[in-house]
Each structure stands twice: as structure tokens, then as C-alpha cells.
Amino acid sequence: MLGYLLRRILAAIPVMGVVALFVFLLLRLTPGDPAAILAGDNATPEQLDRIRASLGLNEPIYIQFYTWIMKLLHGDLGVSLISNKPILEMIGPRLEPSISVALATIILSILVAVPLGVIAAWKHGTWIDRFVMGLSVLGFSVPVFVIGYVLIQIFAIDLRWVPVQGFKSLSAGFGPFFERLILPTCTLSFIYVALIARMTRASMLDVLGEDYVRTARAKGIGEAGVLLRHALRNAAVPVITVIGSGFALLISGVVVTESVFNLPGIGRLTVDAVLARDYPVIQAMILLTSGIYVAVNLLIDLAYTLLDPRIRY
Amino acid sequence: MAIDTLPESSIPVTRPFRLRLGFLTATPIIAVATICLALIILMAIFAPLLAPHDPLLLAPAQRLKPASAQFLLGTDAFGRDLMSRIIYGARISLVIGLGAAVCSIVIGLLIGLVSGFFRWVDAVMMRVMDGLMAIPSILLAIAVVSLSGASIWTVMVAITIPEIPRVARLVRSVVLTAREEPYVEAAISVGSSLPKIMWRHLMPNTIAPLIVQGTYVCASAILTEAILSFLGAGISPETPTWGNIMAEGRAYFQVKPQLIFWPGLLLSIAILSVNLIGDAARDALDPRMKQREGK
């Protein structure tokens, strides 16, 4: 197990290396002077010099990369071109809204999607099954921001059950924190529910045809026992995998949802950085989110052994 | 007869799949999706004939007007006719969707064919693909657009890059299986040229999965374009795209939610139709998948 863990961690290094190289080269390979690209058309020579100095653009490219990657490995994500603040300091206060929405979405999605998928597979071919599959195609097709605005219109403007937009920190009390989290979470959960329910259903359909399920039924175990203890546990691995691979979708969703609901999270920080052409911040956000994605998938790989004792490394 | 004396023409070429268009009407829902998509395509092609007004014409006196006989869906904050802008918006969505699907398939096919065939290329290319897949596609796309400036071409490139690894991986997996087949070994034995082996014997195996993947890429590209425009990182705001109309509508959402709902509805119908047609194509081309999905 320890050997496998080491191998998996080592395998993640080239992936992150490619991500780092890509974001580094993206600015350098874009046609034109990188400093002029970042500063915009009306930049003064002083501004261009400042950007060149800040990003080390006067050095040969391999030295630029070496300096940049060494700083990165020491936890220095660089400095914003707009606010001149260290990017790490800018990210810190933005984490709470993003993590809250992402975590709440994962929890809500699993709670809704897994039962939906199990029921759809159990009642395979009935209207319940068709309803779940229809919901899943809808979830993939209706853009997050359209869902967000429909929910705002119904629940915040027409019914006035929850606030329209904004975020309150948990330190301001659970009530205000929770009521502002409901709509963004429901919005973002739509696509994740679609993904997980579809996979749960497909995986359960595979498993429900297995001999051990027939044996369990023959032993007279109740339907709930068959579904939950015998089938779902065996169907869990692909479901967990899709939760991991869908994490990139979740991160993209967080960026859009934060813009719809005006949440001051890392997604909003990224969009603001794009609008201001603050490339060091964009670069840092890509590295951060890709790192989270790789780490989540690493953890999920390790979780397989806990879920399915047949998997041994 | 020794295999090395076999005339090359006697080696069976993999029979390309045959996709009959009947799958487009396989079920009533898919037929409706096909009709919806056809209508949206016609709307895009004949936009100049269908649009009642110039989608770019500013008329400050007419700003945020409700639906009326003159403006069937009302006007936006600059007095432009919402319906005309939505009709023209279909053009950008479809061009980007189709363009990104074709580009990512062509590039992904090349990478996948080479990776699947040459082990040493495979090791490097797949690490690069893993790296690209680790970057959330929206972030990758907005980074590309923010550096290269927003135009329809940069947006298309920005949307294509994150899709390439998915196509390349799919093609590679098909090639890895196909290259072990006797007909490929036979083609290698008789000294067929490498491009010929790839083009005539390996590539036909990838067409069916690529058609299915192409529809999903198309749907995803339409969605990503709308998201980029919505976030303000897409094609310049005066160009009528569904994402741009919605982005402008954000500020007036409480006054005129139609600015978001109408383009949002069409966008959803377009993506839903393409996804459903993709599912139908997959079922038609790969019955095993259909069985697995329990249909």
C-alpha cells in the first residue's frame, strides 16, 4: 500500500509539471511582447518596465522558468500586477465562500444523486427510470448560470424565501451563512447530480445482474438489503471515480456560480483577474485548482481500498 | 502462400461503419431534438431574413421596452431588439460548436493515432494530455482568451484546447486495441507504409466513437462559449451571442429577466438537442453501450 501511495504521488508530479509548464509558456508563446499583452494598449514605458521586472521577462526563458518554479516550490505564487499584493494573501480570504459552496454541493449531490441512481436502476425501464435519465440529460444541458437565475427568480424574487445574492461568513452565525448558501449550492448541484445519478444507475445495472445479487435474493434478504448492502457497495467504485473526475466540472461551476450569486470566492477572484488582465493571478488560480483536482483524484484512488476490499495494491 | 507475398490489395480493409440517419428519429424525443436543432440551424442561416430589426442598431429612446408588436421580445438596455439579437446569436454558438468539434477531432485524432501506435510518443503525449485534463476547462479557456484578446478565432482555440485530450485519449484507446488485430499485423508484414496503415486500417475504427464524441464536444463548446461571454471573457460584447445577451442582462435582471431567460432557453434547447442526438448516435453505433445503459 505504501509503495502504491508513493507511486501515485510520483505519478502526480509530471501532471503538475505539465500544468506549470503550460501556464508558464502560455504567456511567453502568445504572439507579441508579453509585457505589452498584460499592460494593454495604453501602457506607459514605465508600466512595461515594471511588468518586465516583476515577471523577470528580461532574463532568458529557461532562467525565467527556473526562477518561477523555484519560487513556486517555496510557496510563492507571485504578486498581482494590479494590486501589488502577494497572490497567496489575496487567495486566503476568498477560500471560505468557495470551499463552503463546493463542499455543500458535493454533500447535497451525493445525498440526492445516489438514491436517484439506485432507484432508477432498481425500477429500470419504468417512468421513474426515464425521469431520472431525463433529469440527468437536462442537468448536462442547461447552463449553470441559467439554472442560477431561474432559482433566483423563483425562490429569491417571487417567493422571497432566501436572499438574492451575497455571502455571509460562518463567523457571522450559521443562519445567515446557510440561507445564502442554499441557492448557489442547489444551482451547482444540478450538474453534479446529473453526473453522479447517471453513473450510479449504470453501475448498479451492471451489478444487479451479478450472481451474488441473485444469491442474496435467493437467501430471502429484503430488497433494501440487496440494494444497499450487496449491490450499492459493489457499485460504489465507478461512482466515487466519477465524483473525482467531475471535480474539474465542479471547479468550473464554482467560477460561474460565484459570478451569478456575487460570492467573493476564488472564482470571482479569477474572473476579476481575467477582466483586469492580471495574468500572475490567473496563472496561480490555474495551478491551485489543478493541484486540488490532482489531489482529490489521488485521495479517491486511495479510497478504493477502503470501499472495495478486493482492490489491493 | 507466404504472408510476405500477399498482394497488398488482398488485405481486408477495416470496413468503415455505416451510420444510417434513421437514428435521428429513433424515438419521439430524439425526433423532437432533431427538429429543434434543424430549426436553430435554419434560424442561424437565414438570420438576415428572419430578424425583424438590425441586431446592432442602438436606439436609446427604446431601451428596456417590454414585448410589443414592434419588438416581439422587447429591447435591451441599449434599445436593441432582443429577438433579432437572439436570432443572430445562434450563428456564433453554432459556428463555435461546430468549429471546436472539428478542430479538436482533427488534432485529437492525429495525436491519438500517433500515441496509440508509437509507444515512446505515447508516454510523453499522455503525460501532456493528463496535465491539460487537470486544468478546469473554463479556467484554461479564459486564460487563453485573456492573453490573446477576444475574437471568434481565439475563443475557438481556447475552447478547442481543453477538448483535445479527451479526443486523443479516446482515439488512442481504440488504436491500442485495433493495432493488435491480425489485419493490422498483416498490413505491417507486407510492408504497407505507416501513413497507409494509420489511414486505411486504424483510422476507420475511430470514426464511430469520434462522431459520438464530436457531438458531445459540440454541446460542450456551445456551453463554454456562452460561459466565456457571460463572464465577460468572450467575444466582444456588442456582437450578438447568447452569452453576451445574458451577460448584459445581468445588471437588469430584476427589471427585465427576459434578457436572461430567452437566450438561456434557446441555449439550453440547443445543447440539449445536440446531447440527445449524441446519445442516439452512440446507441445506433454501439449497441453494447446501449445495453450497458440498460436501454
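Reply: Apart from its neighbours within four places in sequence, Ile222(B) is in contact with Ser93(B), Ile96(B), Gly97(B), Ala270(B) and Ile271(B). The model is a predicted one. Is Ile222(B) buried or exposed? Ile222(B) counts as buried because it has 29 C-beta neighbours inside 10 Å, and the cut-off for a buried residue is 20 or more.

Next comes the element that holds this residue. Ile222(B) is part of helix 8 of chain B, which covers residues 194-231. An unreviewed UniProt entry places the feature "transmembrane region" at residues 21-47, 95-118, 138-161, 207-231 and 260-281 of chain B. For two of these spans the geometry can be given. Residues 207-231 of chain B are 100% helix and 0% strand, with end C-alpha atoms 35 Å apart. Residues 260-281 of chain B are likewise 100% helix and 0% strand, and their end C-alpha atoms lie 31 Å apart.

Chain B also has a partner chain. Between the two, 42 residues of chain A are in contact with 40 residues of chain B. On the chain A side, at least two residues each are supplied by helix 1 (2-29), helix 7 (127-141), helix 8 (144-158), helix 9 (174-208), helix 12 (247-260), helix 13 (266-275) and helix 14 (279-307). Which helix of chain A gives the most to this side? That is helix 14 of chain A, with eight residues. By residue type, the side of chain A that touches chain B divides into 32 nonpolar, nine polar and one charged.

Chain A can also be examined within itself. Its domain assignment gives domain 1 (1-74) and domain 2 (87-307). The centres of these two domains of chain A, taken over C-alpha atoms, are separated by 31 Å. Where the domains meet, 13 residues of domain 1 of chain A are in contact with 12 residues of domain 2 of chain A. Helix 1 of chain A provides the largest share of the domain 1 side, 10 residues. That side of domain 1 of chain A consists of 11 nonpolar residues, one polar and one charged.

Notes:
Residues are numbered from 1 along each chain as its sequence is written. Chains are lettered from A and ligands numbered from 1 in the order in which they are written. This is a predicted model: local features need pLDDT of at least 70, side-chain atom pairs count only at pLDDT 80 or more; totals for chains, interfaces and linings use all residues. Two residues are in contact if their C-beta atoms, placed from the backbone, lie within 7 Å. Helices (H or I, at least four residues) and strands (E, at least two) are DSSP runs, numbered from the N terminus. Ala, Val, Leu, Ile, Met, Phe, Trp, Tyr, Cys and Pro count as nonpolar, Asp, Glu, Lys and Arg as charged, and the others, Gly among them, as polar. UniProt positions are given in the numbering used here, feature names are shortened, and annotations may be inferred rather than shown by experiment. Domain bounds come from an automatic or database domain assignment. A residue is buried if 20 or more other C-beta atoms lie within 10 Å of its own, exposed if 12 or fewer, and partly exposed in between; C-beta atoms are placed from the backbone.
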